[in-house]
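Here are my notes on the model you sent over.

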Amino acid sequence: MLDSIVYVTMGFIGVAMVGTFWRLIKGPTIVDRVIAMDKLFVYSIGLILCLGMAEHTSLYYEAALLIATLGFISTTAMCKYLLRGDIIE
Amino acid sequence: MNIAWIIVLPLLGVIAPLLANPTRRNQVAWITAVLPFAALLITLYHAPAILAGEVVQQTWYWIPQIGLTLSFRMDGLALLFTLLILGIGLLIILYARYYLSSKDPMGRFYSYLILFMAAMLGIVNSGNLLQMWAFWELTSISSFLLIGFWSSTGKARKGARMALTITGAGGLALLAGILLIGKVVGSLELEAVLNSGRLLVEHQWYPVILALVLIGAFTKSAQFPFHFWLPHAMSAPTPVSAYLHSATMVKAGIFLLARMFPVLSGHDAWFVTVSLVGLATLLLGAYTALFKHDLKGLLAYSTISHLGLITLLLGMGTELAAVAALFHIVNHAVFKASLFMGVGIIDHETGTRDMRQINGLFKYMPHTAVLCIVAALSMAGVPLLNGFLSKEMFFAETLEQSAIGALSWLIPLLATIAGALSVAYSLRFIHDVFFNGEPKGLKKTPHEPPRYMRIPVEVLVALCILVGIFPALLVGDLLKSAGVAVLGGTLPYIPLYIWHGFNLPLLMSALALAGGIGIYARRKVLFQFQSHFKEVDANERFDAWLYQVITFIRRIEALIDKRSLQYYLAWLSVALLILLAAPLLNLSLVGDNVVITPLTAEVWAGTALIAIAALATVVNNRRRLFAALLISIVGLGVSLAFARFSAPDLALTQISVEVITTILLLLALFFLPQTTPKESKPGRLLRDIGLAGIFGGIMATLTYAMLTRPIETISDYFLANSKTGGGGTNVVNVILVDFRGFDTFGEITVLGIAALGIYKLTAGMRLFLPATNEDGLPWSRDKYPLILKQVSQSILPLALLISAYIFLRGHNLPGGGFIAGLITAIAIVQQYIGHGNDWIQKRFYANYVGFIAAGLSIALLTGLGSWLWQKPFLTSWFDYFTWPVFGKFELASAMLFDLGVYLTVVGAAMLILAKLGQLTVVEPYSEKED
Amino acid sequence: MEYFIAALLILAALFFLLSGVAIVRFKDSYSRLHAPTPASTLGMGALLLAAMLWQGSEDTLSIKAFLVMAVLFVTSPISAYMLAKTALHLRLPLAGGRQLPEIYEQARNRRNDSSKAQEKSDQSV
Amino acid sequence: MIGFLFNLLLALAWALLTNQFTALNVIFGFSLGYAVIWLIHRTVPALYTYPRRLPETISFALFFIWELLVANWKVAMDIVTRPWYMQPGVIAMPLAAKTDFEIALVANLISLTPGTLSMEVSEDKKTLFVHAMFLDDEQKLRAELSEIEQRILQVLR
């Protein structure tokens, strides 16, 4: 039973991702797009965790951890770019 | 001690002089001398065995699978050269200590000098032709650095460039020749080549091989018509001239001739070419030397002439001639090095080298004068000095040979004339400099140099005399064993006596002496005659020639290179299409009995997402930030796909690379316009879409074909062997650091070089920050937002911890040095974003070049370490240990190698990112907003 | 235990979906910034708890999940903060609701009332 | 902080004494250590506030999780059901937190709670600008936010 629920969860996350992706393409402002990107990173973490559960392995925790850490850095870099232009000053 | 250390010790010595305190010049010299001296001791330790006829060999495995080894081999010939290189080298070190002024960077000079010494030792002691070639090129490079040592003068730079061009080009020819030899013999090991007998001579490629090898040898040894670089190399500091351009480097070509003598001589082509070139060089050098007013110019042409003499001897083909050549190598090195050093002293004390100004120095510096006179007499071939002996042998051999057939009678005649010329210029050197009135227009009164500056000259001049009187005792054995090596068999009796009775050679010597005195006495006439000819400046000729070559190449380049990325891509694609056409047509799509994984909904959805994002990237390519954002989404999607298809390693790498790329893009975007105008016309757009479509289709087809093959790949081998052979359960990592460690090493080296390249290219570059964004909105004034700053600080240790964890588990679970390096780099970049450059520089050790250097050194040393156990380069080692309390753990050399990878990646990534981030200057925008 | 995990998973799924709906339907950038919060807090929390227990049912309790949660809890507010800052900086308008232009302007200029008063007095001098 | 470290050390000592490194035993050791510290905390100045702070921290964590659940529920309900009560807007909230760390923590926790989002800190670090999704009852919102802030500061100081 649990396995199928995991797949259902993945499906839900997938639907959310599609919506977010729509927002990414639609915009209208660049901030919306960056928000969508940031969110896609968060959803990916969820997806990867579910994947780990579905395949009964703990190998994917690192990927989740990395996306959590690095996705945030991407977002801040983008924001810094929009705020200041020069991200390393 | 094995003989490899004879090369390795000086090679290590390259850094020694840089470590010493540069203000304490004696200390620098001593530290420099220690390692070559140790190498000399090792040589002497092996000398008795080699003199007895043994050949000492040492092999370090490099990549034995493809026949690459580092092998060292020392026979009589190598011993002779090694003694020459180390002996004279040590004297030069002492001499240079007093020659260089306190303004010269002494450590750097010594470092180059030792590099040259090591390279030269490498040439003579290599047991592998390819390896010998590598050292050969290293001598060209170190010679370039040494000639151009006083790089502030144009002459030095030009001379250095010319020498490098000529000897480098010759080196390439030699490489081709060596590869052909390897092809013919089937091995590049010297032992195999030397034992191949007449195989090479009888092979159809013999003329090509001979031509290529001879070009290599002749360029290096300044033989006609490549001789012109040597006089220009005289702009080097005098110790360099004495060492490289008289005693050692120019002898490398001669060495090559001697080394290849057993397998390449024995054919008319050899005799004719080598002897004629030698003869031409001999005469031309001797004649030109006579007219040089510059002391070093005279010595340079004299060197050319003597090198020609040795070449001629090697071309004559008689066994004794070869021995005479060896003998003259030693003699010439000894007297010419001492003469150069003497000239250096004169230059040092008078401030000029023009013989028209320097006269009558005997009064001012009698001690130096005596030394120079003795050495010059040896050069002239006066009895009781070493020069006489080999010249006598030379004359005797000219009578024996028949190298150029019916015209062979010309050789003794021309040899005598050359001998007379050499007596004449020697006399000119002695008489003009030390007698002949008073010095004219000198800036200072000359006096004797420091005591220790004379010692090297004294040692060499003493050798001139001693060898001249007791030749058999001092060099007999050495010559014999070297002769055995060159002739490849037992040796005829060598007549090493001063007195052979009244015979033809003695008469020739007498004629040469008398003729020389005569020529010198009537020199005014000759000078008059010579002044009718316009003097050719080799430099101008060379430049003109070089210019032509460059223009030609530019024209070709202009045909294929339009400085446009599209153009490059088109070329690449077309080339690929041509290469792929035939195999593509024969490709059957689906292999047998392959079960194709059914497509599930999630795979469809994911693929669609990636495809749409990729497409959107293309469509939005002119809105750059949006495009960058979409690309990062594509990357995320690919990373998810990797995870979905059980490749967590790739997923980790992909996501790290993705973030780094995003940051890099953002850094770069800032310097570009935010939007680009529409540049492509519809027709071109259509063409490009067509091209892209074709290649996308081909790639897709190939991938599909690849994936539907029956699985019989190398991966099974890796899967089976990673735990047993590499000690790790993470196959990807074991492949990277162990099975394919060599590739990885190459890759990180490239990475380091690329980073340094960017660092250097952007060095002095300054870009002004625009005051507003593209919509005219001024930038926010909040440089480092407070909360970001706070959290960045707390993220850093966490991220470092994660990267350490990923690094350590890499051997057995997804992770490894590369990913860990990227994570660390990103974490540090985050600090730069949150806190700025100044903050980082005050708090962290941010020497990224040092990181790269350390990483590469660790990787290299790990690889070299396997030699200590007589294993090939980069053989990995691992074992399991059990400690009380801590339990069982594994230690593997691959881990250390991985650390090298890690450091290099961190260093390279940070060097690039931080450097790009530092390009901006303070914004020209005032504080007032709105 | 199985039912508990199932409940957690469904809860997580719902919250993720909720976030997805929110980002599509919300009217302005500021509101959309709120959208990920339920997913990244409660949704992710539930999911990670499920993952921990899931692992627990086979082997040992996986503490790594805590780390992921900790990282997310530290980083996601920063992302939101930086994004809000950017939106303010780019003068993105607020849609609907109670418009308070004065406070918006204050936030944009990073000044509160007192400092603004200070500035006015400076100008009068 | 020192108190917490000391407590951890005591827990470790307990685990070593009993030679059982299970999570349960360590937690038991930790509680035992807490009891011991409580006994001596009046005599050691460095430990003086620790016995008070640990329960405060725990209760704050529980409080925050509760807030999180409530806010999530509220937001969820509003998104799912019509009509929408959304009244988005910006408010300026005076900060009691002084140091950068305190401000960052307060701002982050406010952001974590669904429905409220820290947008900006004023230059003089005295005001926090918060974007809220439900501005229909501003007074209540302000009260909630300052309760979060007060509790954080209580734990920190």
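1. What pattern does chain A follow, read along the sequence? The answer is α-α-α, and chain A has three helices and zero strands. Keep in mind throughout that this is a predicted model.

2. On the overall form of chain A: its radius of gyration is 15 Å, whereas a compact globule of 89 residues would have one near 12 Å. The C-alpha trace spans about 50 × 30 × 10 Å along its principal axes. Even so, 75% of the 89 residues in chain A count as buried. As for contacts between residues at least 6 apart in sequence, 44% of those in chain A join residues at least 24 apart.

3. Next, the neighbours of chain A. Five pairs of chains are in contact, and the pair sharing the most contacts is A and C. That contact takes 42 residues from chain A and 44 residues from chain C. On the chain A side, the elements giving two or more residues are helix H1 (2–26), helix H2 (30–54) and helix H3 (61–84). H2(A) gives the most, with 14 residues. By type, the chain A side divides into 27 nonpolar, 11 polar and four charged residues. Chain D is another matter: chains A and D do not touch, and their nearest C-alpha atoms are 13 Å apart.

4. H2(A) also deserves a look from the chain B side. H2(A) packs with helix H27 (residues 624–644) of chain B at an angle of about 5°, and the two axes are 11 Å apart. Angles under 35 degrees count as roughly parallel, so H2(A) is roughly parallel to H27(B). Residues of H2(A) in this contact include A:Ile30, A:Met37, A:Phe41 and A:Leu51, and those of H27(B) include B:Leu625, B:Phe626, B:Ile633 and B:Arg644. The residues of the contact divide into 15 nonpolar, two polar and two charged.

5. The crossing of H16(B) past H21(B) is right-handed. H16(B) brings B:Glu319, B:Ala322, B:Val323, B:Leu326, B:Phe327 and B:Val330 to the contact, while H21(B) brings B:Val475, B:Leu479, B:Ala482, B:Gly483, B:Val486 and B:Leu487. Sorted by type, the residues of the contact are 10 nonpolar, one polar and one charged.

6. Why does B:Ala846 count as partly exposed? It has 16 other C-beta atoms within 10 Å, and a residue would need 20 or more to be buried and 12 or fewer to be exposed. Setting aside neighbours within four places in sequence, B:Ala846 is in contact with B:Ile840 and B:Gln841. B:Ile828 lies 18 residues from B:Ala846 in sequence, with a C-alpha to C-alpha separation of 10.0 Å.

7. Last, the contact of chain C with chain B. Chain C puts in nine residues and chain B 10 residues. The chain C side divides into six nonpolar, one polar and two charged residues.

Note on methods
Residues are numbered from 1 along each chain as its sequence is written. Chains are lettered from A and ligands numbered from 1 in the order in which they are written. This is a predicted model: local features need pLDDT of at least 70, side-chain atom pairs count only at pLDDT 80 or more; totals for chains, interfaces and linings use all residues. Two residues are in contact if their C-beta atoms, placed from the backbone, lie within 7 Å. Helices (H or I, at least four residues) and strands (E, at least two) are DSSP runs, numbered from the N terminus. Ala, Val, Leu, Ile, Met, Phe, Trp, Tyr, Cys and Pro count as nonpolar, Asp, Glu, Lys and Arg as charged, and the others, Gly among them, as polar. The radius of gyration is taken over C-alpha atoms; the globule rule is 2.2 Å times the number of residues to the power 0.38. A crossing is left-handed if the near helix is turned anticlockwise from the far one by less than a right angle, and right-handed if clockwise. Axes are lines fitted to C-alpha atoms, for helices over the stretch in contact, and angles run from 0 to 180 degrees between N-to-C directions. Angles under 35 degrees count as roughly parallel, over 145 as roughly antiparallel, 65 to 115 as roughly perpendicular and the rest as oblique.
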